[in-house]
Amino acid sequence: MKVIVAFSLLVAVASATPIEPRLPLVPLMPLEELEGRITNGELAKPGQFPYQVGLQLVFGNSGAWCGGTLISDRWILTAAHCADGADGATVYLGAIDIKNDNEKGQQRIYTSKSNFVVHENWDPSTLSNDIALIKLPVVVDFTERIQPAALPKMDGKYSTYEGDMVWASGWGKDSDKATTVSPLLRYIEVPVLKQSTCRNYYLGVVTEKMICISGKDGKSTCNGDSGGPLVYKHDGVNTVIGATSFGIALGCEKGWPGVFTRVTSYLDWIAEKSGVVNK
């Protein structure tokens with residue numbers, strides 16, 4: 001029986017095919033024990049991923065770490081399993097080193113759960129509709145280190161991106177053996193996997209509203225990357241096409257695909273809830 005893990009904290013979810021989002025559901029891990037890093041990735045440079053958001057989430061007396069994508073001067077795209085049940089979050093913008101309170105260009109903004117919009121059909125047992133939005137309480141001023149990613153154009157002609165090289169980034173685990181928090185942002189550039197191939201790995205779990213990346217050479221998203229961006233870079237435009245969702249629980253370096261929520265399947269929902277649209 002296959003076991004899947006969502007990319008954030010550690011949680012077991014019972015279902016016909018047991019899956020586990022890579023962030024917190026229950027039990028939650030203390031913030032000081034959270035692990036975050038992309039496996040076998042490269043260190044990001046300042047301003048390289050200006051749309052990258054870090055989310056230090058609060059769940060009662062516990063905390064969790066997730067990623068997100070800035071899509072406007074007020075809105076962040078992330079995973080439902082990150083936002084569901086959270087009391088609020090400190091949003092990190094323009095950050096590379098999340099431990100450095102004095103990092104040049106880094107901004108931190110607190111936002112409460114009243115600004116969280118979790119997809120109404122989010123299902124923790126299957127990780128379907130694993131998407132959420134977070135509204136910032138203030139308008140963000142864009143800088144060289146803080147810029148939104150573009151949504152795919154809402155024209156009904158959506159690419160599958162299969163075979164295209166895409167970028168995933170975050171503070172998730174950099175290896176399956178990692179035991180400490182990584183303060184530094186990392187990234188990988190990997191191809192989008194054919195949907196049929198991904199389904200062969202995750203029988204009965206991967207739907208048309210998900211998009212997968214190859215896990216070849218142990219390059220993947222991992223615990224702590226949940227909700228973070230999958231971006232297609234073309235002609236100088238950063239287009240967000242996925243939000244980190246889940247992977248195999250046996251480990252992030254096992255060569256299995258990483259699975260993301262497919263953004264093109266939710267453009268109408270994003271427009272309805274946030275007003276953000278790319279025409």
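Me: A disulfide is a pair of cysteine sulfur atoms within 2.5 Å. How many disulfides does the structure hold?

Reply: The model is a predicted one. Cysteine 66 and cysteine 82 have their sulfur atoms 2.0 Å apart, and for cysteine 198 and cysteine 212 the S to S value is also 2.0 Å. Both values fall within the 2.5 Å cut-off, so each pair counts as a disulfide. The number of disulfides in the structure is two.

Me: Is the link of cysteine 66 and cysteine 82 left-handed or right-handed?

Reply: The two cysteines are joined S to S at 2.0 Å. This pair links distant parts of the chain, with cysteine 66 in strand 5 and cysteine 82 in helix 1, 16 residues apart. The angle about the S-S bond is -80°, and the link is left-handed.

Me: Is cysteine 198 buried or exposed?

Reply: A residue counts as buried under 20% relative accessible area. Cysteine 198 has a relative accessible area of 0%, so it is buried.

Me: Which elements give two or more residues to the lining of the largest pocket?

Reply: The largest pocket has a volume of about 260 Å³. It is lined by 15 residues, and among those closest to its centre are Tyr232 and Thr239. The elements asked for are strand 14 (229–234) and strand 15 (237–248).

Me: What volume does the largest cavity have?

Reply: The whole structure has two cavities of 30 Å³ or more. The lining of the largest cavity has seven nonpolar, four polar and two charged residues. Its volume is about 60 Å³.

How values were computed. Residues are numbered from 1 along each chain as its sequence is written. This is a predicted model: local features need pLDDT of at least 70, side-chain atom pairs count only at pLDDT 80 or more; totals for chains, interfaces and linings use all residues. Side-chain values use heavy atoms; hydrogens and water are left out. On a 1 Å grid over the protein atoms alone, a cavity is a set of points where a 1.4 Å probe fits but cannot get out, and a pocket is an open set with protein on both sides within 12 Å along at least five of seven lines; lining residues have an atom within 4 Å of a point. Grid points are joined across faces, edges and corners, and a volume is the space filled by probe spheres set on the points. Helices (H or I, at least four residues) and strands (E, at least two) are DSSP runs, numbered from the N terminus. Ala, Val, Leu, Ile, Met, Phe, Trp, Tyr, Cys and Pro count as nonpolar, Asp, Glu, Lys and Arg as charged, and the others, Gly among them, as polar. Buried means under 20% relative accessible area, exposed over 50%, partly exposed in between (1.4 Å probe, protein chains only).
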